[in-house]
Amino acid sequence: MSAARPEAAPAGERLLEVRGLTIGWGAKVLQRDLTFGVARGEVFAILGRSGAGKSTLLRFLVGLEAPDAGRIVIAGHGPVDLSAGLPPFGVMFQAGALFGSMTVGENVRLPLDEWTDLPPAAAAAVARAKLALVGLEGAFDQLPSELSGGMLKRAAMARALALDPELVFLDEPSAGLDPITAREIDDLIRALNDGLGLTCVVVTHELESVFMLADRCIVLDDRGGGIVAEGDPRALCDSADPRVREFFNRRPRS
Amino acid sequence: MRTAAPGDAEDPGERVDATSSFERSPGAVRLAGTFCTREAARTWSEIHDAAKGGGELVLDLSDVRRMDGGVIALLVAARAELAAEGVSVRIVSIPEALRPLFELYRGLSPPVERPPRAALGGVEAIGDAALRWADELRGALGFLAEAGAAFARVPLRPRRAHLSEVPWLVQRAGFDALPIVVLISLLVGFVMGYQSARQLERFGANVYVADLVGISITRELAPLMTAIIVAGRSGAGYASEIGTMKVNDEIDALRVMGLPPIARLVVPRVFALVIVLPVLALVSDVVGIAGGLFVAVTSLDVSAPAYLLETRRALVAWDVWQGLIKSAPFGMTIALIACQQGFAASGGAESVGRRTTTTVVACLLSLVLLDAAFTFTLRLLGK
């Protein structure tokens, strides 16, 4: 966590820009008029209680859902069109979403096989290197069903990083893991951010992760009130807003 | 028997009189003893019996030794239900030890009146079902359009269609299905020969069993039986496989890699079944005729050469061809229905199961309709 990072990034350097976004399912609106930006090289957290629409927001950001209103611009292009070719980002799903019929190695190789002209041996070598990067050298020939929860998330991260995107979206990377494994995943994200300059957008509700990882964050209101706070999570602890304080102090409003 | 000290209740010796009693007096029930969820049905009916008089009902719990959460929830629910019917139930003398549990189940606060959910009337129910059907139909048509577009793009971007998977799918849907196709075709030919044998014997027309078996197998039974087998094996398999992928976010994972899932999953499966079904139908033709031959030789006194000669005389190439030709659209139909249902799965295991069931039912229905349409069209064309 370098202190040198700017608190609010200048608009020119923004890798992800969201303006006036409304998210929801059909007629049910979860949040409306969300506006925020993520700077290049930053770890950005989307926080909020369960049901606040964090994961839904992520689905809109990566282009899986088409917004009714608002605009999403990623790396100067937008809105995201998943049918137009390789999107400029990687995504790690909450449960990993590795292809169950393929080995871990084949999962990581898939984007390489599909989007590069690498000969098979070279693609496998790159996949092995990506797995080593997340500490899973030995799992190349294993099936996803043979991996533990923490390993699945690592493998999913390796697949998200297969084509070296400059932006990754991570959905609950440390949720449901034991404290030590969760910490290892957080360390891994931090190391990738420091070492590769990888920009990360992390959806999470784990407070420890937030403090350890995030340069900046937004907090979504669980009653559809939009973004209730934006900034450095360490500064937000002392927020005057009860909706923010309750989240950071783990206390329900009475 | 007065309220026992809390310590007594934990004593294993007390378990012997783990009984409950209900002492009824007008407008009041006095509950005593031990109440657990497994025997709660009696509590429920006692309270409702007592409430039949209407007005007010007092539940006196002063002699309750033990009562678990389920029974407490039941009392609270009965109170709310009866309140809606105009009976006011008061729960009194809750033993001190049970108060925290009552608090948790919201039994200490006054009953919350919940308006009963309005049941759908007949007309609304029809409208609701119609809307769901319309939704389903729209989804299926959208899928068909997308699949069509994916097929149109295959020559442009063959790599996206993942055709390298086709041989493996052909093996799974075709080669692996051979034993069951052979067995069923053999038995169908056998049974047909046997059933017709008695009728034909009466006219001394034994040798015509070859005509009967040959024509019905090649024109009708072989294509239809193999299609039904493939629908049950591969159709159900594709639907549950794709449905599980959908439920596990694997479909979304493909999409965010920029890989269109319909091209990748549907196109190779359609190709595989379009290749597999005519081949299996041809195998079924041969084996079915062999089944008829077996019956003719063993119980009709027809020699094998005579049977084969009669088969050759009776069958024209077109009989075989039309069976094989209609197998291809059968295969396409099965693959498209199965994939569409798989993509329509959402939620969890229950949805995958439902979609798999729908796949098999829809496949059978479509196959029979398609077959009828084929026969009708060919008839019109005079073939």
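The predictor assigns the complex an ipTM of 0.88 and a pTM of 0.81. Chain A has a mean pLDDT of 86, with 94% of its residues at 70 or more. Residues 1-12 of chain A fall below 50 in pLDDT. Beyond near neighbours in sequence, that stretch makes eight contacts in the model. Chain B averages a pLDDT of 87, and 93% of its residues score at least 70. In chain B, pLDDT stays under 50 over residues 1-16. Where pLDDT is low, predicted coordinates should not be read in detail.

The interface involves 14 residues of chain A, in contact with 11 residues of chain B. On the chain A side that touches chain B, 11 residues are nonpolar, two are polar and one is charged.

Chain A contains an open sheet of three strands in the order 2-1-4, with antiparallel pairing. Strand 2 (28-39) and strand 4 (69-74) of chain A are the edges. Each has a single partner strand, so one side of each is left without a neighbour in the sheet. From one strand to the next, the twist averages 20 degrees. Strand 1 (residues 14-25) of chain A pairs with strand 2 of chain A over eight bridges, in the antiparallel sense. Within this pairing, A:R14 has A:A39 in strand 2 of chain A as its bridge partner. Helix 1 (residues 54-61) of chain A packs on the sheet. Helix 1 touches strand 1, strand 2 and strand 4 of chain A, and its direction makes about 120 degrees with that of strand 1.

Another open sheet in chain A has six strands in the order 5-6-7-3-8-9, with mixed pairing. Its edge strands are strand 5 (90-92) and strand 9 of chain A, each of which pairs on one side only. Direction ignored, neighbouring strands of this sheet are turned by 15 degrees against each other on average. Strand 3 (residues 43-48) and strand 7 (residues 199-203) of chain A pair in the parallel sense over four bridges. Here A:I46 has A:V203 in strand 7 of chain A as its bridge partner. Helix 4 (residues 149-160) of chain A packs on the sheet and touches strand 5 and strand 6 (167-171) of chain A. The direction of helix 4 makes about 170 degrees with that of strand 5 of chain A.

Strand 8 (residues 216-220) and strand 9 (residues 227-231) of chain A run antiparallel, joined by four bridges. A:L220 stands opposite A:I227 in strand 9 of chain A. These strands form a hairpin with six residues between them, where A:G224 takes a positive phi near 80 degrees.

Chain B is divided into domain 1 (6-104) and domain 2 (150-380). The C-alpha centres of the two domains lie 62 Å apart. Helix 5 (residues 122-153) and helix 12 (residues 317-344) of chain B have axes that come within 10 Å and cross at roughly 115 degrees. The crossing is right-handed. From helix 5 of chain B, B:G139, B:A140, B:F143 and B:A147 meet B:L336, B:Q340, B:F343 and B:A344 of helix 12 of chain B. By class, this contact has six nonpolar, two polar and no charged residues.

Notes
Residues numbered from 1 in each chain as written. Chains lettered and ligands numbered in written order. Predicted model: local features only at pLDDT ≥ 70, side-chain atom pairs only at ≥ 80, totals over all residues. pLDDT = per-residue confidence, 0-100. Contact = placed C-beta atoms within 7 Å. Nonpolar A, V, L, I, M, F, W, Y, C, P; charged D, E, K, R; others polar. Domains from an automatic or database assignment. Pairing = 2+ DSSP bridges. Helix = DSSP H or I, 4+ residues; strand = E, 2+ residues; numbered from the N terminus. Axes fitted to C-alpha atoms, helices over the stretch in contact; angles between N-to-C directions. Left-handed = near helix turned anticlockwise from the far one by under 90°.
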